[in-house]
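Welcome, and please open the model in your viewer. We will go from stop to stop, with something to select at each one.

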Amino acid sequence: MNTIVYVAIGIIVGAVLGFVFYQIKINRETESLAHKTREKLKESEEKAKEIILEAKEKAASILAEAQKEERERKNQIASMEARLLRREELLDQKLSKITETENQLKIKEDELKKKEEEIQKLKLEEEKRLEEISGLSVEKAKEELVSRIKEKNKEELKQILEKFYKEQKDEVEKRAIEIITTAIQRYARSNIPEITTTIFSINNEDIKGKIIGREGRNIRTIERLTGVELIIDETPDSTYDPYRRELANLALQKLIKDGRIQPAKIEEKVEEARQELDKRIIEIGEAAAMEVGIYDLPKELIQILGRLHFRTSYGQNVLEHSIEVAHIAGMIAAELGLRIDIAKKGALLHDIGKAIDHEVEGNHLELGIKLLRKYEIDEDVILAMRSHHDTYPYAIPEAYIVSAADAISAARPGARRDTLENYIKRLSDLEKIATSFSGVKQAYAISAGRELRVFVNPEKIDDFGALELARAIANRIQTELKYPGEIKVNVIRETRAVEYAR
């Protein structure tokens, strides 16, 4: 029992002593922490004082700089004000001098007017005296003087005017030739003339028999539906309409592929070929417009344009011709600084009426104008295309370009195909008509028969006679010959004066 008590007392004493020592330790640590905290606070206060002192110094420095800048600005403003005042004083002085000069000039002007009036009076008096002495008025005297001078120097004035005209004409022609040849050189395109027949090879005799049919009913059906003439074993299928030839060609291909050739099947395949050809026409029109860089044409006009692929004029494909004219017109317009888009559109659409002139009454030009107005094409495009046959006046500069490009495309070698005999006969007839007139020395048909150059004897035909001769030859050609387009009659009268200095 006593042992337990002693143990309990020992534990209690140990616990009390431990608590006391622990409390002493805590107190020491607390004092140490407080001491450190006081030191840190002291350091922070010192740093804060340093920062505040530094800030005060910086503020004082900034304030001093600001005051310095303000003083400098005030000095600058004062200097500017002084300069402005001096300038104002100088301006006032100049204004005063200008005003004084103006007053002096006004006085002198009044004096000059008075003197001019006096001179005019004296001039009138002198003219009256001269009229009284000569018996002629001033106007009559001038007329007589001018008449004498003209009579005396008539030949010299004529030579000067002719020389000036020739120099200007040569320069203009030189520039025109440069532009046209540049356009032609930049545009190089092969052109294959269309013919009136299409070759369709049939190697199988049985197929030939099927195409002909019993008593020729199949071949008659094809000819009736497509509008072509089919001749087996002798010549190819023939017609002057390329659209019909192509329709017949496609229909024959489909019939041979199908193998069943009889009137009902022929009608079916011809209709299929017609629908396929109509789609191809739209594609052809779109390709033509894209080739020349025109993207805003209505779809209906694109389809009509594509139909030109199946039209020819003197063996020249009309669509190929229109594309060629558009390229040339665009290049010439670019060289001259004119509207390229108007020139190109007018050129591409100048023969659009030929796509429907077999179906609608009227010439292709009037039909083309109606088509373009129907689809609301820009009026300037119509003005550009309507003059290419000289039936309308040239309303805008681009009209001259379209007409020139059309002539270049049509007249260049190889563009249009005619029989050699007709071509040579037409040229020969042109020269015979010209040489049949008296006073004509020589005549040459050039530019594929589009121009006739006539050289006359200057002793027999004067300048006015040359004009009358040109008109007479043109009238005779219109009466006796048939020809496409127009023929320019150019009468040339050359006078040479030769003298020798010895």
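Start by selecting glutamate 398 and arginine 339, whose side chains meet in a salt bridge with an N to O distance of 3.3 Å. This pair links distant parts of the chain, 59 residues apart: glutamate 398 sits in helix H13 (residues 397–411), while arginine 339 lies in the loop between H9 and H10. Keep in mind as you look around that this is a predicted model.

**Buried or exposed?**

Now show the surface around these two side chains. Is glutamate 398 buried or exposed? Glutamate 398 counts as buried because its relative accessibility is 2%, and the cut-off for buried is under 20%.

**A third partner**

Which kind of link joins the side chains of arginine 339 and aspartate 380? They meet in a salt bridge too, at 2.7 Å from N to O. Here again distant parts of the chain are linked: aspartate 380 belongs to helix H12 (residues 379–385), and the loop holding arginine 339 runs between helix H9 (318–336) and helix H10 (340–348), with 41 residues separating the pair. Show Arg339, Asp380 and Glu398 together, and you have a network of salt bridges.

**Towards the end of the numbering**

Next, select arginine 493 and aspartate 463, which form a salt bridge of 3.0 Å, N to O. These two also connect distant parts of the chain, 30 residues apart, with arginine 493 in the segment after strand E7 (488–492) and aspartate 463 in helix H15 (residues 463–480). Both side chains can be checked against the surface: arginine 493 is partly exposed at 26% relative accessible area, and aspartate 463 is partly exposed at 39%. In total, the structure holds twelve salt bridges.

**A charged patch**

Zoom in on glutamate 50, found in helix H1 (residues 2–134). Glutamate 50 counts as exposed because its relative accessible area is 54%, and exposed means over 50%.

**Zoom out**

Finally, display the whole protein chain as a cartoon and look for its 15 helices and seven strands. Of its 502 residues, 29% count as buried. Switch to a surface view: the accessible surface comes to about 35,400 Å², and 54% of that belongs to carbon and sulfur atoms.

Conventions
Residues numbered from 1 in each chain as written. Predicted model: local features only at pLDDT ≥ 70, side-chain atom pairs only at ≥ 80, totals over all residues. Heavy atoms only, no water. Helix = DSSP H or I, 4+ residues; strand = E, 2+ residues; numbered from the N terminus. Buried < 20%, exposed > 50% of the residue type's maximum accessible area, 1.4 Å probe, protein only. Areas by Shrake-Rupley, 256 points an atom, 1.4 Å probe, with all protein chains shown as cover. Salt bridge = Lys/Arg side-chain N within 4 Å of Asp/Glu carboxyl O.
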